[in-house]
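Here is a short briefing on one structure. Keep the 3D view open as you read.

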Amino acid sequence: MVTANHLIWVPVLPFIAFVVNIFFGARFLKERAAWLSVATSTVACVIALPICWAVFRGAHFANDFTWLMLGTTPLKFGYLMDPLSATLLFMVTIVGTLIQVYATGYMHGDPRFSRFFAYVSLFMSAMLTLVISNNYLLFFMAWEIMGLCSYLLIGFYFEKDSAANASKKAFLTTRVGDIGFLLGFLTLFTAIGTLDFAQMNTLLAGHVGHTALNTGLLSMAALFIFCGTIGKSAQFPLHVWLPDAMEGPTPVSALIHAATMVAAGVFLVARSFSLFMLVPNVLPIVTAIGTITAFMAAFIALTQNDIKRVLAYSTISQLGYMVTAMGLSGLGAGTFHLITHAFFKALLFLGAGSVIHGTHVQDIREMGGLFKKMPHTAVTFIIASLALAGIPPLSGFWSKDEILLSAFGSGNYLVFGVLLLTAFMTAFYMFRLIFLTFFGQARNHDVHAHESPALMTLPLWCLAVGSVVIGIPGSPFMHHWFQKFMAEMVHYPEYEPSAVVMACSIAVAVLGITLAFVMYLKKTTWAPAVAKKFPSFYRLSFNKFYFDEFYVTYLIKPFHALGRLLFGFDANVVDGGVNGTASVTMFLSGVKQWIDTYIVDGFMNFLGTAVYFLNSVTKRFQTGVVQNYLLLAFLGFLVFIILELKLT
Amino acid sequence: MIAIPLQHILIFSLLLFAIGLYGALVRRNIIGILISIELMVNASNINLIAFSKYTSLSPETGQIFALFVIALAATAAAVGLAIVLALYRIRKTVQADEVHLLKW
């Protein structure tokens with residue numbers, strides 16, 4: 001029987017898999033490494049699901065132990081199972097396990113097969129720790145390990161320069177946000193004296209509207225914590241790493257850069273929700289960042305030709321949606337979209353991986369007409385796209401509708417409009433992708449597509465089912481159970497479902513799909529014509545708003561220049577100082593050597609010579625003939641006698 | 001009994017000492033030198049006994065002293081002869097001027 005105390009095994013099991021795989025994988029386990037990872041993940045899932053179920057039914061678990069004492073304040077590590085963590089635990093264990101099963105097929109034959117699964121297991125361990133952690137410090141530790149895994153897995157094909165650079169870029173860019181996060185929770189600790197989530201919630205819940213706490217400090221803490229979200233969830237202006245992160249193996253893109261790790265940023269805001277509710281002046285910033293990100297990324301996705309990059313920008317855009325929801329105080333809506341998005345975006349990435357596996361190309365201009373050759377992949381991909389585009393009754397519709405409702409209900413009509421436009425673009429670019437990939441004529445006849453093995457299509461179908469049904473708990477069919485479930489934890493405003501919002505949402509989705517259908521399947525001349533008609537917009541989108549160029553020109557080059565300057569300083573001034581000291585020492589030593597040789601030694605030699613000279617006189621007395629000695633002694637005696645006689 | 005004055009005895013011992021010194025300085029044979037040294041030792045012994053007899057309250061002091069000196073002279077002669085013997089074995093000579101091992 002599984003009890004809440006078994007929860008500790010959920011992160012520990014994948015960690016064991018990591019240790020075993022990293023040390024014994026390459027030599028002993030080889031292809032069996034995958035089964036170890038999948039098995040531990042499955043067992044973690046089996047342990048986690050009943051506990052999640054109990055939480056869904058209203059239970060609440062927490063346990064901790066004192067890790068260390070900060071002065072008189074104990075810092076406790078432990079797990080916290082509340083509605084939020086239970087929801088994420090549910091999603092991460094299921095999606096994670098399915099993606100690992102898929103990866104077993106996808107990575108087959110890779111020379112670093114066992115290392116891949118070691119890293120994935122470490123990642124799973126960190127992600128699960130993060131989800132069930134009960135305080136910011138443990139959360140941050142797991143967060144950083146995830147960053148490390150992300151780095152290692154993006155750079156998994158490190159022989160390629162582009163992959164190595166992408167991993168560096170991802171690590172450094174997220175590091176900017178992570179510093180903010182670290183400062184944020186330290187500021188929070190200064191302000192309220194605890195890092196524990198549950199304690200923070202009770203402490204802050206009692207203070208809404210009061211001025212007993214330093215709101216300035218809390219606002220700063222909230223802003224800094226949000227920096228972590230911007231970095232990890234690839235929000236504007238730190239979104240640039242996520243598209244490049246697609247250099248990693250596709251299951252990694254699905255697991256880390258679509259479903260779980262990037263969602264951790266949103267999860268962080270959800271975890272700190274009571275804090276954000278207390279400082280309402282921070283929320284508009286959150287909303288603005290989220291909305292800008294959602295729109296910008298969707299706009300870029302319109303013109304990208306790499307199948308994984310389109311999905312990457314789509315991920316950024318959807319994360320922007322979630323952040324917007326958080327900014328609009330929509331904890332339920334944001335978390336709901338996080339869960340549904342994890343399922344259908346993981347599915348989309350795995351589908352894209354399946355396409356790449358089958359065709360060995362990534363550029364959608366070289367695909368086309370793959371539907372017949374890869375039916376399982378195509379059908380599941382289309383289901384996921386429909387979910388993402390927001391076609392009822394698939395999951396994406398319900399969650400996106402909730403976010404739109406938050407914007408509409410709170411009276412932010414500008415945000416509502418931008419989100420609606422983003423939804424339209426989302427439908428458009430997803431179906432552009434589908435029509436170019438799976439329909440029409442095969443454009444490159446060197447590509448010989450084949451369906452992927454069952455090991456890969458089975459997880460696709462599982463996730464497809466998930467993408468369809470996971471929206472039900474938040475839909476009117478279950479009376480918005482999920483939103484009420486979330487509201488048990490932290491209270492937040494709820495809005496009555498609006499038929500207008502639903503109608504708009506469906507309308508833009510259908511419009512986007514229809515437009516894509518017309519432009520890329522029926523009137524294929526339209527697309528280049530539109531691009532020619534609006535060249536500035538096209539270039540802006542195609543070149544990703546010139547963000548990378550901007551960063552290269554205004555950040556990286558000045559840093560390089562600064563680096564060269566400092567190197568010059570180091571080489572000339574610091575090294576010069578050291579070398580100068582050495583030269584001066586050498587010179588002084590020369591002087592001392594001269595003094596030693598000619599004055600000290602000279603004096604000693606002079607003494608020696610003088611003694612030798614004197615000796616050459618006196619030694620003549622020592623003849624070796626004893627009778628001479630006796631004679632001398634006698635003469636000396638006589639001298640004494642004579643002196644004695646004279647004196648007296 | 002005719003008393004011999006102290007001065008006569010002292011002159012006698014002086015002559016004996018001078019003969020010994022002369023021998024020790026000019027004889028080339030080491031054995032001869034040793035014999036000359038014995039002469040000087042005995043001259044000093046005569047002095048000891050003479051002074052003891054004429055000036056001391058207890059004449060035995062000088063006589064005992066003389067006995068010690070004789071014993072010492074004997075041991076010195078023994079050691080000297082041993083050295084001479086060893087020297088002869090190594091250098092095949094007993095001539096003092098032919099041996100100057102202690103030279104600088």
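This is a predicted model. Start where the two chains meet: the buried residues of H1(B) pack against helix H25 (626-647) of chain A, together with helix H2 (30-55) of chain B. The points below take H1(B) first, then chain A.

**Helix H1 of chain B**

- H1 covers residues 6-26 of chain B, which is 21 residues.
- At 1.5 Å a residue, H1(B) should span 30 Å.

- Which residues of H1(B) are buried? They are B:Ser13, B:Gly20 and B:Ala24.

**The build of chain A**

- Chain A has 25 helices and two strands.
- Its radius of gyration is 38 Å. The globule rule gives 26 Å for 648 residues, and 38 Å is well over that, so chain A is more spread out than a compact globule.
- Along the principal axes, the C-alpha atoms of chain A fill a box of roughly 150 × 65 × 50 Å.

**Packing within chain A**

- Of the 648 residues in chain A, 50% are buried.
- Take the contacts in chain A with a separation of 6 or more: 81% of them join residues 24 or more positions apart.

Terms used: Residues are numbered from 1 along each chain as its sequence is written. Chains are lettered from A and ligands numbered from 1 in the order in which they are written. This is a predicted model: local features need pLDDT of at least 70, side-chain atom pairs count only at pLDDT 80 or more; totals for chains, interfaces and linings use all residues. Helices (H or I, at least four residues) and strands (E, at least two) are DSSP runs, numbered from the N terminus. The expected span of a helix is 1.5 Å times one less than its number of residues. A residue is buried if 20 or more other C-beta atoms lie within 10 Å of its own, exposed if 12 or fewer, and partly exposed in between; C-beta atoms are placed from the backbone. Two residues are in contact if their C-beta atoms, placed from the backbone, lie within 7 Å. The radius of gyration is taken over C-alpha atoms; the globule rule is 2.2 Å times the number of residues to the power 0.38.
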